[in-house]
Amino acid sequence: MTNVSLVTTFFLMGLPHAPAMDIPLLGIFLVIYVLTVVGNLLILLVIKVDSHLHTPMYYFLTNLSFIDMWFSTVTVPKMLMTLASPEGRAISFPSCVTQLYSFHFLGSTECFLYTVMSYDRYLAISHPLRYASMMRGRTCALLATSTWLSGSLHSAVQTTLTFRLPYCGPSQIQHYFCDAPPILKLACANTSVNEMVIFVNIGVVALGCFLLIVLSYVSIVWSILKIRTSEGRHRAFQTCASHCTVVLCFFVPCVFIYLRPGSRDAVDGVVAVFYTVLTPLLNPVVYTLRNKEVKKALWKLIHIVTYSRSK
């Protein structure tokens, strides 16, 4: 079997919906996308200008905001194009390869980053006296770099396995972006081996990261219960609650789509909206509205901007 594909253009069928909903959905997703980009850019700016936020926790948060901004950009603009006109559904073969690689690269990097962030919270709460020496700048940079490199490798495996097969038609992808499960259904060859390897690959990464996160938070909860003051316990729980919220919103849809037997195109497309559209928006909301330090830095930035304009 050759690696040459006869298909030069795919067509994204988008989310299942009535034609009359095109304009309303276009408006909703456009607003969400703009808020996502602005919100994550704002977090990057606030952490950059406020020296009090130059800590390991916020260093990893800047990585998360940067990922979320681009994670949303990989899928949402093309979704908007499919809603705007039928011509917007077309996507060239190279563009489809690029979108799938970028999607899994950013998605798996975010998965690894959540694990690193849970480890950081574990050290901060369980070993507060040694935290500063254990999480130096060099250590943080090494951990962050490892998440990006691991994500790149994971995505390269996914993309290679998906597009090494021949595609000779049909060319309609039952999804709003190029992802492995719906694309493999269009291959002109047996995909059982590919599906099994992808299942195991994603399973090892997702479940491995999730178990490490659960282990970290079990240890964190145990340490929090040892804190004597109620104020200290409340602050520790509040710090971790934000991370737990976004972790669940990211992992649960992923497990539902990639690690369950069988696949239903309509259901998968709707569920995918949660971690491709809503989670990138949820992160800046959770980390600003539930975080006093970020809110304080944000008001300080607004005050500086307002004061400079009034002069």
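Me: I'd like to start with residues 30-47. What are the helix and strand percentages there, and how far apart are the end C-alpha atoms?
Reply: In this predicted model, that stretch is 100% helix and 0% strand, with its end C-alpha atoms 26 Å apart. UniProt, in an unreviewed entry, places a "transmembrane region" at several spans, including 30-47, 100-119 and 198-225. Residues 198-225 are also worth a look: 100% helix, 0% strand, and 40 Å between the end C-alpha atoms.

Me: How should I read a helix, then, and what does helix 3 look like in length?
Reply: The general idea: an α-helix has 3.6 residues a turn, so residues three or four places apart point the same way. Helix 3 covers residues 93-126, which is 34 residues, and spans 49 Å from first C-alpha to last, close to the expected 50 Å.

Me: Is helix 3 mostly covered or uncovered?
Reply: Mostly covered, with 25 of the 34 residues in helix 3 buried.

Me: What about aromatic rings: how many pairs does a search of the whole structure find?
Reply: You describe a ring pair by the distance of the centres and the angle of the planes. Here the search finds 20 aromatic pairs. One aromatic cluster has Phe-71, Phe-103, Tyr-114 and Phe-210 among its members, along with Tyr-275.

Me: And the sheet: in what order do the strands run?
Reply: It's an open sheet of 3 strands, ordered 2-1-3, with mixed pairing. Strand 2 (90-92) and strand 3 (172-173) are at the edges with a single partner strand each, so one side of each has no neighbour in the sheet.

Me: Which residue in strand 3 is the bridge partner of Leu-12?
Reply: That's Ile-173. Strand 1, residues 9-12, pairs with strand 3 in the parallel sense over 2 bridges.

Notes: Residues numbered from 1 in each chain as written. Predicted model: local features only at pLDDT ≥ 70, side-chain atom pairs only at ≥ 80, totals over all residues. Heavy atoms only, no water. Helix = DSSP H or I, 4+ residues; strand = E, 2+ residues; numbered from the N terminus. Expected span 1.5 Å × (residues − 1). Buried < 20%, exposed > 50% of the residue type's maximum accessible area, 1.4 Å probe, protein only. UniProt positions renumbered as here; feature names shortened; annotations may be inferred. Phe/Tyr/Trp six-rings, centres within 6.5 Å; stacked < 30°, edge-to-face > 60°. Pairing = 2+ DSSP bridges.
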